[in-house]
Amino acid sequence: MSLRELYSQHVFPCLCDWAMSSKELHPLRQQCVQGVRGQVLEIGFGTGLNLPFYSKDVVEVHAVDVNPKMAPKALHRIEEVPFPVQHHVLSGESLPMEDESFDFVVSTFTLCSIAKVHQAVQEIWRVLRPNGRFCFLEHGLSPDPKVASWQTRLNPLQHVLGDGCHLNRPMDQIVCSQPFQVRPIQTFYLEGVPRVIGCLYQEQAQKPA
């Protein structure tokens with residue numbers, strides 16, 4: 001096993017669970033999955049940090065994550081929810097799910113690290129039912145040119161430390177690469193963290209009927 005694989009499979013899952021468990025993110029996660037119900041696909045499931053915020057109206061969650069070492073850390077959260085969670089070790093770029101099979105797709109802090117991110121959004125569009133919603137909470141390119149400049153400078157380091165994460169992806173443009181109906185996407189900074197990593201994008205985008 002290479003040093004990179006060792007970091008990705010044994011160090012990064014622990015680091016990710018610790019960093020993304022921040023209480024400051026709880027209200028944002030809750031807002032992201034507000035109204036989510038029925039059949040749900042979560043891309044970049046990680047260690048299951050969104051599960052406590054899903055409502056009782058969720059019928060089933062299909063959880064997709066490319067890192068097989070994330071799943072064991074999610075087990076205790078899976079056991080605490082009243083609905084089944086089906087776990088899949090997959091990349092969001094190529095999903096085996098049938099067309100129009102989900103009411104909601106959820107993605108939190110995931111689009112930053114998918115190599116073929118536009119292909120992943122195309123897959124999200126494909127598996128969503130008409131009137132289904134894509135609920136996302138992502139970090140990405142800052143609208144402030146000075147912050148954006150630093151994001152570009154630090155991106156190679158972040159790519160290593162964040163196991164493929166990019167600091168400077170324009171998430172609004174990426175989501176809108178598919179013809180979603182979406183209100184102006186909320187863009188804001190998370191308090192208490194450097195702006196180069198704390199520029200957030202959040203909204204629910206709907207697939208037209």
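At 22% relative accessibility, Y7 counts as partly exposed. Buried means under 20% relative accessible area, exposed over 50%, and partly exposed in between, with a 1.4 Å probe and protein chains only. The structure is a predicted model, in which local features need pLDDT of at least 70, side-chain atom pairs count only at pLDDT 80 or more, and totals for chains, interfaces and linings use all residues. Residues are numbered from 1 along each chain as its sequence is written, and side-chain values use heavy atoms, with hydrogens and water left out.

Y7 also takes part in an aromatic pair. The rings of Y7 and F12 have centres 6.4 Å apart and planes at 45 degrees, so the pair is tilted. Rings of Phe, Tyr and Trp (its six-membered ring) pair if their centres lie within 6.5 Å; planes under 30 degrees apart count as stacked, over 60 as edge-to-face and the rest as tilted. F12 is buried, at 14% relative accessibility. A second pair, Y54 and F83, is edge-to-face, with 6.1 Å from centre to centre and 85 degrees between the planes. This pair links distant parts of the chain. Y54 lies in the loop between β1 and β2, F83 in the loop between α3 and β3, and 29 residues separate them. Y54 is buried at 8% relative accessibility. F83 is buried too, with a relative accessible area of 6%. A search of the whole structure finds five aromatic pairs. W125, F134, F136 and F180 form one aromatic cluster.

Two arginines sit over rings. A charge counts as over a ring if NZ of Lys or CZ of Arg is within 6 Å of the ring centre and within 35 degrees of the ring normal. The charged end of R153 is placed over the ring of W150, 4.5 Å from its centre. R195 lies over the face of Y189, at 4.1 Å from the ring centre.

The strands form a sheet. Helices (H or I, at least four residues) and strands (E, at least two) are DSSP runs, numbered from the N terminus. Two strands pair if DSSP finds at least two bridges between them. Seven strands make up an open sheet in the order β3-β2-β1-β4-β5-β7-β6, and the pairing is mixed. β3 (85-89) and β6 (186-189) stand at the edges. Each has a single partner strand, so one side of each is left without a neighbour in the sheet. From one strand to the next, the twist averages 15 degrees. Axes are lines fitted to C-alpha atoms, for helices over the stretch in contact, and angles run from 0 to 180 degrees between N-to-C directions. Strands β1 (residues 38-43) and β2 (residues 58-65) run parallel and are joined by six bridges. Q39 has E60 as its bridge partner in β2. Helix α4 (residues 117-127) lies across β1, β4 (102-108) and β5 (128-139). The helix runs at about 145 degrees to β5. Contact here means heavy atoms within 4.5 Å.

Salt bridges were counted next. A salt bridge is a side-chain nitrogen of Lys or Arg within 4 Å of a carboxyl oxygen of Asp or Glu. By this rule the count is five. R77 and D17 meet in one of them, at 3.1 Å from N to O. R77 is in helix α3 (residues 71-78) and D17 in helix α1 (residues 3-19), 60 residues apart. R77 is buried, with a relative accessible area of 14%. D17 is buried as well, at 18%.

D99 and R126 form a salt bridge at 2.7 Å, N to O. D99 lies in the loop between β3 and β4 and R126 in helix α4, so the pair ties together parts that are 27 residues apart in sequence. D99 is exposed, at 51% relative accessibility. R126 is partly exposed, at 21%. The side chains of R183 and E203 also meet, at 2.7 Å from N to O. R183 is in the loop between α6 (171-175) and β6, while E203 is in strand β7 (residues 199-206), 20 residues apart. R183 is exposed, with a relative accessible area of 57%. E203 is buried, at 6%. Salt bridges with shared partners join D99, E123 and R126 into one network.

Backbone angles complete the description. E100, in the loop between β3 and β4, has a phi near 50 degrees, a positive value in a residue other than glycine. E100 is partly exposed, at 42% relative accessible area. N131, in strand β5, has a positive phi near 75 degrees. N131 is partly exposed, with a relative accessible area of 46%.
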